[in-house]
Amino acid sequence: MSLALKPKIRELKPGFGAEILGVDIKRADDATLDGVVDTFHRHGAILLRGQSLEPADLMRFIGRFGEPEDHTLVENTLPGFPKIYILSNRLGRDGKPIGAHNDGIGWHTDYSYKAEPVMSTMLYAVEVPPEGSDTLLADCCKAWNALPPERQAELDGKVVHHSWRHFMATREFNRMEDPPEELLRDNPDVFHPLVRTHPADGRKALFPSTGTVKGVVGMPDDEGVRLVEEMVDFATQEDFVFRHKWRVGDVLMWDNRCTLHTGTLYDDAKYFREMHRLWVKGDRPF
């Protein structure tokens with residue numbers, strides 16, 4: 001096994017994230033890529049700009065971090081590459097959307113409705129509008145550390161009820177009120193801690209979300225939802241948030257074990273956008 005090379009970085013935000021400088025993903029050797037992976041696990045998010053990647057390059061790169069995850073809605077995946085999900089407002093020659101539009105709006109962590117949520121999310125920018133469509137990342141470790149000890153004690157140990165069915169029936173965009181039985185069977189309700197421990201180094205992070213949350217165990221559903229929403233509001237204060245303004249060729253990857261994220265809207269009647277999204281399988285939160 002090669003020794004990881006420590007890449008040159010600059011923080012995305014003081015104390016959070018790393019822009020990795022001088023690395024061409026397509027041509028990088030194993031030691032360099034091992035250094036990129038190590039940087040990811042320590043910083044919560046990484047950014048590599050100026051990349052020119054084919055789908056096969058994306059698959060090789062995501063494979064360095066672990067096993068790529070499947071997608072619930074396979075109709076929005078790239079032909080021939082079922083692990084690559086398309087986010088776009090473009091239509092194909094047949095007049096049908098080539099991908100999901102306005103997906104990921106609202107603070108959340110990906111696959112929170114699964115027993116093993118994805119470890120990480122990667123977006124590769126193929127086409128970006130000149131304004132809007134920013135991606136925001138919230139540092140949930142910093143948010144946790146900012147809470148008073150007595151509040152931490154109140155929250156640690158609470159368990160959140162997540163539901164894909166609830167999410168699909170109530171989401172603002174791409175709503176699905178009567179999903180196929182197969183999807184319901186494959187996505188049963190799950191329960192995750194409100195405060196998560198990072199397996200890489202034991203650091204703690206708030207682990208709330210929106211959309212999938214039905215309540216908190218041991219509390220009336222409305223009170224539980226309000227508690228989770230309170231934690232989302234706390235974790236997404238400006239002091240904890242990095243705003244990424246996209247350029248074509250950007251690769252942005254964040255750690256779902258210690259962040260929340262949201263997309264932002266843009267003028268989709270005026271501009272086009274296309275992103276390729278990939279996930280890495282995760283493990284059960286603890």
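Close-up 1. Arg277 lies over the face of Tyr85, and the distance to the ring centre is 4.2 Å. A second pairing of this kind involves Arg196, whose charged end sits over the ring of Phe207 at 4.9 Å from the ring centre.

**Close-up 2. An aromatic cluster that includes Tyr113.** Five residues make up one aromatic cluster here: Tyr111, Tyr113, Trp164, Phe167 and Trp279. Across the predicted model, the count of aromatic pairs comes to 7. One of them joins Tyr113 and Trp164, with 6.4 Å from centre to centre and 55 degrees between the planes, a tilted arrangement. Tyr113 sits in the loop between strand E5 (81-88) and strand E6 (120-127), while Trp164 belongs to helix H5 (residues 164-170), so this pair ties together parts that are 51 residues apart in sequence. Both partners, Tyr113 and Trp164, are buried.

Close-up 3. Tyr113 and Phe167 are both buried.

**Close-up 4. Ser163 and its surroundings.** Look for Ser163 in the loop between strand E8 (159-162) and H5. Its relative accessibility is 3%, so Ser163 counts as buried. The side chain of Ser163 makes a polar contact of 3.0 Å with the side chain of Asp189. Leaving aside residues up to four places away in sequence, Ser163 touches Tyr113, Asp189, Thr212 and Lys214.

**Close-up 5. Two loop residues with positive phi.** Most residues other than glycine have a negative phi. Asn102 has a positive value, with phi near 60 degrees. Asn102 is found in the loop between E5 and E6, and its relative accessible area of 17% is under the 20% cut-off, so Asn102 is buried. Ser133 is not a glycine either, yet its phi is positive at about 65 degrees. Ser133 lies in the loop between E6 and strand E7 (135-139), and with a relative accessibility of 1% it counts as buried.

**Close-up 6. Helix H7 and its buried side.** Helix H7 (residues 221-235) has 15 residues, which should span 21 Å at 1.5 Å a residue; the end C-alpha atoms are 21 Å apart, so the two values agree. Which residues of H7 are buried? They are Gly224, Leu227, Val228, Met231, Val232 and Ala235. These residues cover an arc of only 140 degrees around the axis, which puts them on the same side of H7.

**Close-up 7. The buried side of helix H2.** In helix H2 (residues 55-63), the buried residues include Pro55, Asp57, Leu58, Phe61 and Ile62. Their arc around the axis is only 155 degrees, which places these residues on the same side of H2.

Terms used
Residues numbered from 1 in each chain as written. Predicted model: local features only at pLDDT ≥ 70, side-chain atom pairs only at ≥ 80, totals over all residues. Heavy atoms only, no water. Phe/Tyr/Trp six-rings, centres within 6.5 Å; stacked < 30°, edge-to-face > 60°. Helix = DSSP H or I, 4+ residues; strand = E, 2+ residues; numbered from the N terminus. Buried < 20%, exposed > 50% of the residue type's maximum accessible area, 1.4 Å probe, protein only. Lys NZ or Arg CZ within 6 Å of the ring centre and 35° of its normal. Expected span 1.5 Å × (residues − 1). Arc of directions from axis to C-beta. Polar contact = N/O pair within 3.5 Å; in protein donor to acceptor, adjacent residues only side chain to side chain. Contact = heavy atoms within 4.5 Å.
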